[in-house]
Amino acid sequence: RQHEAPRRVKRAWVIPPISVSENHKRIPHLLVQIKSDKQQPGGVIYSIKGPGVDEEPLGIFSIDKFSGKVFLNAMLDREENDRYRLRAFALDLGGVTLEDPTDLEIIVVDQNDNRPLFRQDVFTGRVVEGAEPGTCVMTVDATDADDPDTDNAAVRYSILEQGAADMFSINATTGEICTTRPGLDRETMGVYNLTVQAADMSGDGLTTTAMAVIYLEDINDNPPEFTKEEFSMEVEEQAAGVDVGKVFVHDKDLAGSPSWLAKFTILEGDPEGAFAIRTDPHTNDGVLSVVKPLDHEVRDRFELTVSVQNERPLEPSAPASPRALATVRVRVRDVNEAPVFRENPRRISVLEGTPPGTPITTYTASDPDTHQIQTLSYALLYDPADWLQLDPHAGTVRTKRELLHPSAFLQGGWYIALLLARDDAEPPLSATGTLSIEILEVNDHAPQLQPPAGMLCGRPGRGGTLLLGATDDDRPPHGAPFHFQLSPQHPQLARNWSIARFNVTHAVLAVLAELPEGPYSLPLLLRDSGTPPREQQQLLNVSVCHCGRDGTCLDGVLAAATAGAGITLGALMIILGSTILLLGRRRALRKGLLQRSQDDMRDNILNYDEQGGGEEDQDAYDINQLRHPDLFSPRAKPPLRRDAPLSSGTPLAPRKLPSSPSDIEDFINEGLEAADSDPSVPPYDTALIYDYEGSGSVASPLSSIVSSLTDEDQDYDYLSEWGPRFRRLADLYG
């Protein structure tokens, strides 16, 4: 087979690009005629396709299908489409393609139909005043929609108008605006409005304009100046924190800027710093105020020298101000002032017990108004205890009643009173003074022995000690430490007794030699540590008991603890009742009941006429006093009443001791009479109320008395010596 050679396209079917000017107004306009080399007897049908024909924008181009002529049917705009690419077709009458499709390119030729356009209508720039020539401020720019490859889009810039000074120039190609000469002064002209133009065709074509606004930025080239050289003001005395007046300034620089804001300083005339000056941020004026109270009597006028300058330093090129200083004269007006207590509070000291009417102080105030004649009067404003009286004219304070300590009106030993001082001006003014009175403690109480009685073992070194204490109604330093000693008036006491210090409030009483059981009354001398010290002799009632092995008092000998109180009627009734209980049993049971007894319980009848504590703290009565006549010898010292007041050594009605043991009945009756007539003791013959007496009693129950007694060691013959009333018992048991 022979290869087919490549098909050659005929020249008539190859269509070169067609150029047509935009905005062509003769419509329709023949652009070109296409023709196929393959003419058929019946003819050729031509067609075109593409943008402007059957694609958007539609209807711009058309073709005569029989002649092949292509027409322009609408005006073209290069700025919308600068070229169109179409396809041309040739068909026979049956629609069969005679030629391959060929390209038809239509180029739109540009015309200068677009003006340059500025990117914004108003351009804004800033430059500091006084800028050097050649300082560039801003750049304006414009665009042209025409073909940039032609002069239709070649834009040039110019300044059409800028005022009479011609301070700026513009680069024709770049649109940059710069200063051309010195002398830019914001205070002369703060804003420049330039009219700039852009023209295409290299400046000869279409034009457009815009505004270029240039603001001059302020620099501190103008100092502030006072509007006048002297200012006069006045203010009331004693006023503080108030405004006196204003000093006015002027500054040409931009209001509100640091170059405009003023700063004031008081240079002279105020050595004590009584004035201050600040800047009003709205008006830039100086506001003078008083920061310390002024006293017309001390100084009635001031002459101040005030300077002004800006917050921002002045430019070196700025001229100096001739009005940077001003004189401010301030007059101080006199007003009525309240009295003043120079010493407030006034503190004084007064001894407690100071008698009424005693002057303790003169508390006066002073009137600051020395240029006015005024009289001060005084009154007590606060005197809670009504202790004071005040002279209304002289201000002398006296005691109205005795100042006592302690008192509910004292605070830490101080009494607080308030005084009022008032002048006679119209209206009157007053002041309050505080009077603090310290009530000084006086040592007017001697220490008191507490407790006034006690019990101890009668053997040295074996429980033979007793802890003594004391109290004092005085406050420190007139109280403890206390000093205890045996009365110097009775030196013989030192042979059997000694007192040693235990602490500041207590001492220890000790026996030095073995003492017989029984009550003792020791005169002691107690002294405090006050100035001067107070001392008092007091009686200590001591009961010496029978000592056990461990140095404590044995329960069986508690009858020795009466401490000299004497036998009361109640105690005797208990003794007699107990005796009847023991001896009133049937004689047939006497031996069996008493065989096991080893102790004489008659010596240990407990005194139950006192409340609380049980047997452990009860004192017993020694019945031996009734059995042995020698105890009641006339030479013996009468026993002390344990229930008598501490201040009395013996009862008010001392009892008469019986002369013989046989007169027991008379002894009991006399004791009853003495107890009834003694006003210092409670009535022991009244009904007694017994309360809980403690637990853990070491005494045996009463039921054990009968079972523990025997007749072997008992001798009842002495009952016959007790008088007629005990004769029956003597007959039964004697």
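Met233 has Val330 as its bridge partner over in strand 25. This is a predicted model, where local features need pLDDT of at least 70, side-chain atom pairs count only at pLDDT 80 or more, and totals for chains, interfaces and linings use all residues. Residues are numbered from 1 along each chain as its sequence is written, and side-chain values use heavy atoms, with hydrogens and water left out. Strands here are DSSP runs of E with at least two residues, numbered from the N terminus.

**Strand 18 and its partner**
- Strand 18 (residues 230–236) and strand 25 (residues 325–333) run parallel, with seven bridges between them; for two strands to count as paired, DSSP has to find at least two bridges.
- Buried means under 20% relative accessible area (1.4 Å probe, protein chains only), with over 50% being exposed and anything in between partly exposed.

- Five residues sit between strands 29 and 30 in a hairpin, and Gly395 in the turn has a positive phi of about 75°.

**Arg346**
- Arg346 lies in strand 26 (residues 346–351) and counts as buried because its relative accessible area is 15%.
- Its side chain makes a polar contact with the side chain of Glu343 at 2.6 Å; that term means a pair of N or O atoms within 3.5 Å, where within protein one must be able to donate a hydrogen and the other to accept it, and residues adjacent in sequence count only if both atoms are side-chain atoms.
- Leaving out neighbours within four places in sequence, Arg346 is in contact (heavy atoms within 4.5 Å) with Thr361, Thr362, Tyr363, Thr434, Leu435 and Ser436.
- Thr434 is 88 residues away along the chain, yet its C-alpha atom is 6.3 Å from that of Arg346.

**Asp218**
- You'll find Asp218 in the loop between strand 16 (207–217) and strand 17 (225–226); with a relative accessibility of 13%, Asp218 is therefore buried.
- The Asp218 side chain makes a polar contact with the side chain of Arg186 (3.2 Å), and one of its polar atoms lies 3.0 Å from the backbone nitrogen of Leu254.
- Not counting residues up to four places away in sequence, Asp218 touches several others, including Glu129, Glu187, Asp253 and Arg312.

How values were computed: Helices (H or I, at least four residues) and strands (E, at least two) are DSSP runs, numbered from the N terminus.
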